[in-house]
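Q: I'm new to reading protein models, and I'd like to zoom in on a single part and see what surrounds it. Could you pick one and walk me through it slowly?

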Amino acid sequence: MAQLSTLYDARAARYAEMNDAAGAVADFQRSLELTAELCRRWPQVPDYLGKRSRRHRHLGDHFLRAQEFAAAINQYRQALQLEQQLERAFPDYRDANYLTP
């Protein structure tokens, strides 16, 4: 499921590069759904929360490039909330051993 989330995220980025906004948003959202499920099933795995935060940031970046500023801000806020939650729950998360795309 984690790899599938990464694949959807990567494909969303390719859709964005091809100016296919609908395809990009759909795949970013699917990636977010998968990471939310990972976090629900395995809350003790910090990398899943980190992935979820990064997925929100990626979607925010997409909305920023599309000049959809309110949507971008919303995604960045969600990413920040998850990062803060991650820092509280897993203070050692920034250790390089945890970081993956």
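A: Helices here are runs of at least four residues that DSSP labels H or I, numbered from the N terminus. By that rule, Y15 sits in helix α1. Keep in mind that the whole model is predicted.

Helix α3 covers residues 46-65. That is 20 residues, and from first C-alpha to last α3 reaches 29 Å, close to the 28 Å expected at 1.5 Å a residue. Is α3 mostly covered or mostly open? Mostly covered: 14 of its 20 residues are buried.

Two packed helices are described by the angle between their axes and the distance between the axes.

The axes of α3 and α4 come within 8 Å and cross at roughly 165°. Anything over 145 degrees counts as roughly antiparallel, and that makes α3 roughly antiparallel to α4. The crossing of α3 with α4 is left-handed. On the α3 side, the residues making this contact include P46, L49, R52, H56, L59 and F63, and among their partners on α4 are F69, Q75, Q78, A79, L82 and L86. Sorted by class, the contact of α3 with α4 has twelve nonpolar, seven polar and four charged residues.

Next up is α2, residues 21-41. α2 and α3 pack at an angle of about 165°, with their axes 9 Å apart. That makes α2 roughly antiparallel to α3 as well, and this crossing is left-handed too. From α2, residues such as A21, V25, F28, L32, T35 and C39 take part, and they meet α3 residues including Y48, L49, R52, H56, L59 and F63. The classes here come to twelve nonpolar, six polar and three charged residues for the contact of α2 with α3.

In general, an α-helix has 3.6 residues a turn, so residues three or four places apart point the same way.

Now for α1, residues 2-17. Which way does α1 run relative to α3, roughly parallel or roughly antiparallel? The axes come within 11 Å and cross at roughly 10°. An angle under 35 degrees counts as roughly parallel, and α1 and α3 are therefore roughly parallel to each other. A2, S5, T6, D9 and A16 of α1 meet Y48, K51, R55, H58 and H62 of α3. The residues of this contact of α1 with α3 divide into three nonpolar, four polar and three charged.

Here's where Y15 comes back. Y15 is partly exposed, with a relative accessible area of 22%. Beyond its neighbours up to four places away in sequence, Y15 touches D20, G23, A24 and D27.

Setting aside neighbours within four places in sequence, H56 is in contact with L32, Q75, Q78, A79 and L82.

Finally, what follows α3? Q67, whose phi is positive, near 60°. Q67 lies in the loop between α3 and α4, and counts as exposed at 60% relative accessibility. The loop between α1 and α2 holds N19. Its phi is also near 60°, a positive value in a residue other than glycine, and N19 counts as exposed at 72%.

Technical notes:
Residues are numbered from 1 along each chain as its sequence is written. This is a predicted model: local features need pLDDT of at least 70, side-chain atom pairs count only at pLDDT 80 or more; totals for chains, interfaces and linings use all residues. Side-chain values use heavy atoms; hydrogens and water are left out. Axes are lines fitted to C-alpha atoms, for helices over the stretch in contact, and angles run from 0 to 180 degrees between N-to-C directions. Helices (H or I, at least four residues) and strands (E, at least two) are DSSP runs, numbered from the N terminus. Angles under 35 degrees count as roughly parallel, over 145 as roughly antiparallel, 65 to 115 as roughly perpendicular and the rest as oblique. Contact means heavy atoms within 4.5 Å. Ala, Val, Leu, Ile, Met, Phe, Trp, Tyr, Cys and Pro count as nonpolar, Asp, Glu, Lys and Arg as charged, and the others, Gly among them, as polar. A crossing is left-handed if the near helix is turned anticlockwise from the far one by less than a right angle, and right-handed if clockwise. Buried means under 20% relative accessible area, exposed over 50%, partly exposed in between (1.4 Å probe, protein chains only). The expected span of a helix is 1.5 Å times one less than its number of residues.
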